[in-house]
Amino acid sequence: MQEIDARCIFDGKATLGEGPAWIAESQRLIWVDIERHLINRLDPATGKNESWAVGCDVGFAVPDTSGNIVAGTRDGIIRLNTETGEITSVVDPESDIPTNRFNDGKCDPRGRIFGGSISYERIVGDASLYRFDTDFQVEKVQDGITNSNGLTWSLDEKTFYYIDTPTRKVDAFDYDVETGAISNRRTVINVPEDLGKPDGMTIDNEGMLWVCLWGGWGVTRWNPETAELIGKINLPCKNVTSCCFGGPNLDQLFISCARTGLTAEELANQPQAGSLFVAEPGVSGQAAVAFGG
Ligand code: CA
């Protein structure tokens, strides 16, 4: 198994750094600090990081086609105008569930948002996965979720990969890219308990899955056809949350991690916890698809 080390590129001391998404047009990295209520946009070339406070927990942020940002929060879906800082509420399919917030989210190949929720108390089955079409029409596509996390699509757009963290599984669905429908759920990878808990996920241009490990000190690479563990990027931080490909040649893997969940002693021994990291794994991937609405 190939193992390499990641290096720190931005020491932001995020409490719960999450959701890196690469914008090819501007060569910027969007990411969130969920528990500090921040949407961030980093220019890796200069190290300049912009932040917008949204006033509540923010689980994901994706670019839209106008250069602004759409995000999933405790209060539902919002739009952020990155020029003016203005925030507009759009839709909240879980306004009746105050014990949930939005967690990981991403656009499908056609620019629809898939975003799931998480139960603060980890009440089993209390969360769901939603699809937001480009006119913000919303549909619940999977219920019975506890901690909706990593999601990505196969290169041929025919398979949707998905992680509900407490299951310790990567599941696959058949994907209909014309309608955004998912079907035929099955498990393709079981993450052994001693590796950590599966969190964020992306796919590379060889069709292999990169799964971040909460409690697992890194990002693992898996073959979803054989369920084989084939590589790992090591971080000097225990709770690794999410990753995306980016950079000028889309051959860098940007990785987020967290300070939350660590003891005082662990924090002292992991001074880069909450930073953004990058690694060059020798394979490329794809930039974020912008929300098309
Ligand atoms: Ca996550």
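Predicted model: local features only at pLDDT ≥ 70, side-chain atom pairs only at ≥ 80, totals over all residues.
**The calcium ion.** Begin by selecting the calcium ion together with Glu18, Asn149 and Asp199. These residues are its protein donors, through OE of Glu18, OD1 of Asn149 and OD of Asp199, at 2.2 to 2.3 Å from the ion. Along the sequence, the donor residues follow the spacing E-x130-N-x49-D. Glu18 belongs to strand 3 and Asp199 to strand 19, so this pair ties together parts that are 181 residues apart in sequence.

**The largest pocket.** Now select Lys106, Cys107, Thr152, Gln286 and Ala287, the residues nearest the centre of the largest pocket, which has 30 lining residues. Its volume is about 490 Å³. To see which strands contribute, display 17–23 (strand 3), 58–63 (strand 7), 100–107 (strand 11), 148–153 (strand 15), 197–203 (strand 19) and 240–246 (strand 23); each supplies at least two residues of this lining. Colouring the lining by class gives 19 nonpolar, seven polar and four charged residues.

**The second largest pocket.** Finally, select Ile118, Arg122, Asn147, Asp199 and Trp214, which lie nearest the centre of the second largest pocket; 19 residues line this pocket. The volume here is about 340 Å³. Strand 11 and strand 19 each supply at least two lining residues, and strand 19 gives the largest share, three residues. By class, this lining comprises seven nonpolar, five polar and seven charged residues. Asp199, selected here beside the pocket centre, is also the calcium donor from the opening stop.

Note on methods:
Residues numbered from 1 in each chain as written. Heavy atoms only, no water. 1 Å grid on protein atoms, 1.4 Å probe; cavity = no way out; pocket = protein on both sides within 12 Å on 5 of 7 lines; lining within 4 Å. Points joined across faces, edges and corners; volume = space filled by probe spheres on them. Helix = DSSP H or I, 4+ residues; strand = E, 2+ residues; numbered from the N terminus. Nonpolar A, V, L, I, M, F, W, Y, C, P; charged D, E, K, R; others polar. Donors = N, O, S within 2.8 Å, 3.2 Å for Na, K, Ca; no water.
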